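These are my notebook entries on one protein chain. I record what I looked up and the cut-offs that apply.

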Amino acid sequence: MAGAGDGGGEYHQLDGSQCLLLDMMTTQMLRLLNRNSEELYRRIERLEPQMNPNVGRPYGGNRRANDGPN
């Protein structure tokens with residue numbers, strides 16, 4: 001992430017305190033995003049077995065009798 005002394009990066013027009021505030025806000029937003037993403041993935045993992053009864057079975061383990069080769 002660019003900072004105040006990076007030689008003209010994304011914060012080149014901000015003073016030191018503004019750069020610090022922006023960095024802190026960005027860090028906090030990334031923490032929240034990561035936490036929410038982890039929670040979402042946990043929910044998906046709990047729901048996947050309910051949505052796909054073939055999870056854990058060999059490929060084609062739940063084929064119907066009329067499903068023949070193409």
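I began with the surface and found a nonpolar patch of about 310 Å², made by Leu40, Tyr41 and Ile44. Patches consist of residues with over 30% relative accessible area and no salt bridge; like charges are joined within 9 Å, and nonpolar side chains (Val, Leu, Ile, Met, Phe, Trp, Tyr) within 5 Å. Accessible areas come from the Shrake-Rupley method with a 1.4 Å probe, and for residues only the protein chains shown count as cover.

I noted that this is a predicted model, in which local features need pLDDT of at least 70, side-chain atom pairs count only at pLDDT 80 or more, and totals for chains, interfaces and linings use all residues. Residues are numbered from 1 along each chain as its sequence is written, and side-chain values use heavy atoms, with hydrogens and water left out.

I then located isoleucine 44 in helix H1 (residues 16–51). The protein chain has 1 helix and 0 strands; helices (H or I, at least four residues) and strands (E, at least two) are DSSP runs, numbered from the N terminus.

Is isoleucine 44 buried or partly exposed? It is partly exposed, because its relative accessibility is 36%; buried means under 20%, exposed over 50%, and partly exposed in between (1.4 Å probe, protein chains only).

I next looked up the 1 salt bridge of the structure, defined as a side-chain nitrogen of Lys or Arg within 4 Å of a carboxyl oxygen of Asp or Glu. Arginine 43 forms it with glutamate 39, the closest N and O atoms being 2.8 Å apart. Both residues lie in helix H1, 4 residues apart, about one turn of the helix.
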